[in-house]
Amino acid sequence: MAGLEAAAALHADRVEVDVQQTRDGTFVASHDTNLLVLAGRDEDIPNMSTAAVTSTTVRMHGRADTIPTMTAYVEHARQLGMPLLIELKVTAATNGGSVRDLFAQLDRVGLPPGTWFHSLDPTVVHEMLEQHPEHRVGLTVGPHVGPLPELPVDFYAVEQASITSAMIRRAHRDGRAVYAWTANSDVRIRVLLRAGLDGVITDRPVAARRLVAGIARESPGGTGSAPGRAQASLARLLTKVRGLVIRRSTAAYPCRRRGTRTRTTHPGRSPSCTHRSSPA
């Protein structure tokens, strides 16, 4: 829970958490699949019981904690009033029912308002979009050359060195936001923002906020100062605080999924798309 609480202490707007299934199907909040680095145990979470995982102490950056279940993490986030960006990690335990199981377990505790979802796996992303079109869903993209995958997502989170201005323009044309991970250099962040990037995932959320504000002042009539611009910070479990500073509101783009498209606005956050399947 250390990353979550650190983000809350910094008045962050959104916290990122990676979740994966144990051998018995329960989701836990952990980035690493193998516990050798963080716990000194060469064991994989998909091959362990939930009890074994949650009793494991992990250590990083001078901090120690046990691995929480996803529901415990989400419930704590809800108590803190902290929206989440939940990444479903695909492991040996992932199966055709994992997305259904994810949302069934989340339904037991309730999501903090404004929670988003993403995954590196296009199949998982498709299932999220089909089963829960009411949520904001994105595709995470690793080192990449060429056009981004054609998926009806709300956003892409792309490895920062892979991003080009043409990539950003093409995504915007298709109604999708682009966020960069993980950009820590002031120079790189400025370059990406000036190219039209929508947000930066960074270990330096406070500095990134300052850079976003600086870009907005450079072009007061441009996209950097779009009305309703949102700012959000994310933190990873038991790591340095990692933030996503969002440059512009989701209202900057039209909805791009199939079916009837409507736009809703929730108090305290940006307009977002809701999607209903057209009647058969």
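Mentor: Start with a definition: a residue is called buried when its relative accessible area is under 20% and exposed when that area is over 50%, with partly exposed in between. Keep in mind that this is a predicted model.

Trainee: Why is Gln 21 called buried?

Mentor: Gln 21 has a relative accessible area of 3%. The cut-off is under 20%, so Gln 21 counts as buried. Gln 21 is found in strand E1, residues 15–21.

Trainee: What makes the link between the side chains of Gln 21 and Ser 98 a polar contact?

Mentor: The limit for a pair of N or O atoms is 3.5 Å, and these two side chains are joined at 2.6 Å. The side chain of Gln 21 also reaches the backbone oxygen of Gly 25, at 3.2 Å.

Trainee: Is Leu 129 buried or exposed?

Mentor: Leu 129 has 8% relative accessibility, so it counts as buried. Its place is in helix H6, residues 122–131. The C-alpha atoms of Leu 129 and Pro 152 are separated by 8.1 Å, with the two residues 23 apart along the chain.

Trainee: And Asp 107, buried or exposed?

Mentor: Asp 107 has a relative accessible area of 61%. The word exposed needs a value over 50%, so Asp 107 is exposed. Asp 107 is placed in helix H5, residues 98–107. Its C-alpha atom is separated by 9.2 Å from that of Thr 71, which is 36 residues apart from it along the chain.

Trainee: How do you know that Asp 32 has no salt bridge?

Mentor: A salt bridge needs a side-chain nitrogen of Lys or Arg within 4 Å of a carboxyl oxygen of Asp or Glu. For Asp 32, which is buried, the nearest side chain of opposite charge is Lys 89, 6.9 Å away. What Asp 32 does have is a polar contact of 2.8 Å between its side chain and that of His 31. Asp 32 sits in the loop between strand E2 (27–29) and helix H2 (36–39).

Trainee: How many salt bridges does a search of the whole structure find?

Mentor: The search finds six. One of them joins Arg 100 and Asp 101, whose closest N and O atoms are 3.7 Å apart. The limit is 4 Å, so the pair qualifies. Asp 101 has 23% relative accessibility and therefore counts as partly exposed.

Trainee: What makes Asp 186 and Arg 210 a salt bridge, and which parts does the pair tie together?

Mentor: Their side chains meet at 3.7 Å, N to O. Asp 186 lies in helix H8 (residues 186–194) and Arg 210 in helix H9 (residues 205–218), so the pair ties together parts 24 residues apart in sequence. Asp 186 is partly exposed at 22% relative accessibility, and Arg 210 is partly exposed at 44%.

Trainee: What about Arg 194 and Glu 218?

Mentor: The side chains of Arg 194 and Glu 218 form a salt bridge at 2.7 Å, N to O. Arg 194 is in helix H8 and Glu 218 in helix H9, so this pair, too, ties together parts that are 24 residues apart in sequence. Arg 194 has a relative accessible area of 52% and is exposed. Glu 218 has 48%, so the label there is partly exposed.

Trainee: Which form does the peptide bond from Trp 181 to Thr 182 take?

Mentor: That bond is cis, with omega near -25°. Thr 182 lies in the loop between strand E9 (177–181) and H8.

Trainee: Last, how many cavities of 30 Å³ or more are there?

Mentor: The count comes to three. The second largest cavity holds about 60 Å³ of space. Its lining includes Leu 148, Tyr 156, Met 167 and Arg 170. Helix H7 (residues 165–173) gives the largest share of that lining, three residues. By class, the lining has five nonpolar residues, no polar ones and three charged.

Definitions and conventions
Residues numbered from 1 in each chain as written. Predicted model: local features only at pLDDT ≥ 70, side-chain atom pairs only at ≥ 80, totals over all residues. Heavy atoms only, no water. 1 Å grid on protein atoms, 1.4 Å probe; cavity = no way out; pocket = protein on both sides within 12 Å on 5 of 7 lines; lining within 4 Å. Points joined across faces, edges and corners; volume = space filled by probe spheres on them. Helix = DSSP H or I, 4+ residues; strand = E, 2+ residues; numbered from the N terminus. Nonpolar A, V, L, I, M, F, W, Y, C, P; charged D, E, K, R; others polar. Buried < 20%, exposed > 50% of the residue type's maximum accessible area, 1.4 Å probe, protein only. Lys, Arg positive; Asp, Glu negative; His and termini not counted. Polar contact = N/O pair within 3.5 Å; in protein donor to acceptor, adjacent residues only side chain to side chain.
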